[in-house]
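The stops below are given in the order in which to select them.

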Amino acid sequence: MSPNPAWSRTLDQIFVLLQHRIADLFPPLLQPWVAMILGVVGIVAVFPAIFALTTVLERKGLGRMQNRLGPNRVGPFGILQPIADAIKSLTKEDIVPRSADAVVHYLAPVVLVVAIFLGYAVLPVGRNMQLLNIDAGILFFFAIGASTELSIFMAGWSSRNKYSLLGAMRAVAQMISYEVPLLLSAVVAIMMTGSLNPSRIVEAQGGFTGILPHWYVFTPWGFAGFVLFVIAALAETNRSPFDLPEGESELVAGYFTEYSGFKFALFFLGEYLGMMSIAGYGITLFLGGWGAPLSVLAFLPSWLWFFGKLFLAIFFFIWLRGTLPRLRQDQLMNFAWKFMLPMSLLDLFVAALWRFLGEWLGAGLGTEVVRWLVCGLLLAVTYVLFARVMLKRQKISPRSYRYAE
Amino acid sequence: MIDTLVFLIFAGLTLAGAVAAALLRNLVHCALSLTVTFAGLALLYLSLGAQFVGFTQVLVYIGAVAILVVFAILLTRGSGALPGNLVTTSAWRIGWVAAVAVGFVLVAALQHAPFAQSAAAAPAVSVQQIGQALMGPFVLPLEIVGVLLTVALIGAVIVAMPERQGEDQ
Amino acid sequence: MNLTAYLVVAALLFALGLGIALTRRNAILVLIGIELMLNAANLNLIAFWRYGAHPEPMTGMLFALFSIAVAAAEASVGLGLVIAWFRHARTSDLDAMTRMKG
């Protein structure tokens, strides 16, 4: 690959250069702080802006899929709709139910949004564009992601509303169950890179064979891991078809039924930001992060690729929402524990096999063929057998509801 | 100076959460203040330079144990404030006396204990080193923990499983 | 900061956990107290690793990691037991758990 021309490298680093330029205006003692604050401001400005854009795109896109127009009143083609929504939610009365637990009710959306913003701190959105380059970045993201569950519980429990509580219990049970396959499928990429550092993972996928990139998704274990990660991510962010916690037709709005005005907007924001951050980590882990998809396109700036992939991922999520019906609670749990978990464990094994086959047989075309055949067949055969058995075992009977009794 | 202030904030957070868990009457509030303690401890670990352990603390304690606790509270219908006579055991005064005595003895002993200290900067430990240690000298404990977790998983499922019809009830 | 400050925090946390475990009537809260005591021990381990004479082998840190894993197992089994007991007795009150008395 020929090195990129100077203008392309400048364009690639333009935000980093800008950050340094502004930080240089301050005395040396303050410079690291200023640089940090600028990074934070960047994250806090860019991702909510994408969120605003996503809401209108989602409504437009869903409208197209359902053969209607979607929002088209505010501004040209309804593009100013998010601003109208923002003004509405900011000026609405903030209602707190009389029997609600006021402190916890107030804290829940704040904790949620803060935790989700923290998750962006280690996300590499471009070459050298990462707020904190820490060694255990992926672990940090998963730790932060796990703590959002608690804020959802707080919201549902403090509202003193049966729909809220049911929604929160569903959400927490679902998130706990799908966190296991989410982590395990991410471990595959971590294992092959040998690092928990997101930047290192992206760099490990940076090479090209011919014009094709070395993304992890283009290997048998990476593909399986990616599919598992996407399913688990959908469940983790309560997106359709896993939107039981807030299934409108069953639970009003789930755990944030009793929230109004600005706090409701915070939940909405948190939900979309969570979706984008998990999509961002999926891109980092399996889709080469900010790397270009073809070697001839590597002259374009890295952040452009990252955000392009992010928009594709968001579109995919919207598309799924327009396509798939909602699952049932028991199907959801069975799927997590009886299918996702064994498959992700198998995927771990296959990834290890891939690595050791490479070491035993030495580099070469023969090794590649053997690796592809063995690992691909192992995954495919297991998947087919599993699916067969699960379909055969499927019992169609009325569901029974139980407390712990 | 800043170090001391940061330490005091983190330590205060940790202990305040524990005090709240000891005094509050609503079980869910106790569980939530417990998570404050867990978060404070994670911050203390981070300030000690143990990044990996700090994040593990958040992942395991806030992400799993705290959630387990609130689930157990809801499943045993324990939410809502408890009536006064159900909060503490009949011998709660003796319990607190014992606890305060233990704390006093521990702190007093710490004031006079000569520890071999190194004032060096925090040793930088990469995740890779931890992994190599886990796979090298500590591989046996790691395996045993794996077995223990599997046993706990199966045991918890069996204990919490609904009993077969006709046996009880 | 020095070692003693962290050890004092751990000691106070341990005493609080002990107090909760000894005085509370609800089984879940007793478990919370036990968790706090375990956490206090973890803090000690990390503090000794950081300020100890030989931090290189990472023993303290890894011990804390194992202890976290064990505590997670303990919590899951403990809470499973509480739920199983609740199913029989309809209460998680420890003073009511007298059926095993001779």
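Relative accessible area sorts residues into buried (under 20%), exposed (over 50%) and partly exposed (in between), with a 1.4 Å probe and protein chains only. The model is predicted, so local features need pLDDT of at least 70 and side-chain atom pairs pLDDT 80 or more, while totals for chains, interfaces and linings use all residues. Residues are numbered from 1 along each chain as written, chains are lettered from A and ligands numbered from 1 in written order, and side-chain values use heavy atoms, without hydrogens or water.

Start with Glu359(A), which is partly exposed at 48% relative accessibility. Its side chain forms a salt bridge (Lys or Arg side-chain nitrogen within 4 Å of an Asp or Glu carboxyl oxygen) with Arg355(A), with 3.3 Å between the closest N and O atoms. Both residues sit in helix 13 (residues 329–361) of chain A, four residues apart, about one helical turn. Helices here are DSSP runs (H or I, at least four residues; strands are E, at least two), numbered from the N terminus. Arg355(A) is partly exposed at 41%.

Next select Arg321(A) and Glu58(A), whose side chains meet in a salt bridge at 2.9 Å, N to O. Arg321(A) belongs to helix 12 (residues 302–323) and Glu58(A) to helix 3 (residues 31–65), so the pair ties together parts 263 residues apart in sequence. Glu58(A) is buried at 2%, whereas Arg321(A) is partly exposed at 33%.

Finish at Pro198(A), in helix 8 (residues 198–204) of chain A. Pro198(A) is buried, at 0% relative accessibility. Val122(A) lies 76 residues from Pro198(A) in sequence but 7.3 Å away in space, C-alpha to C-alpha.
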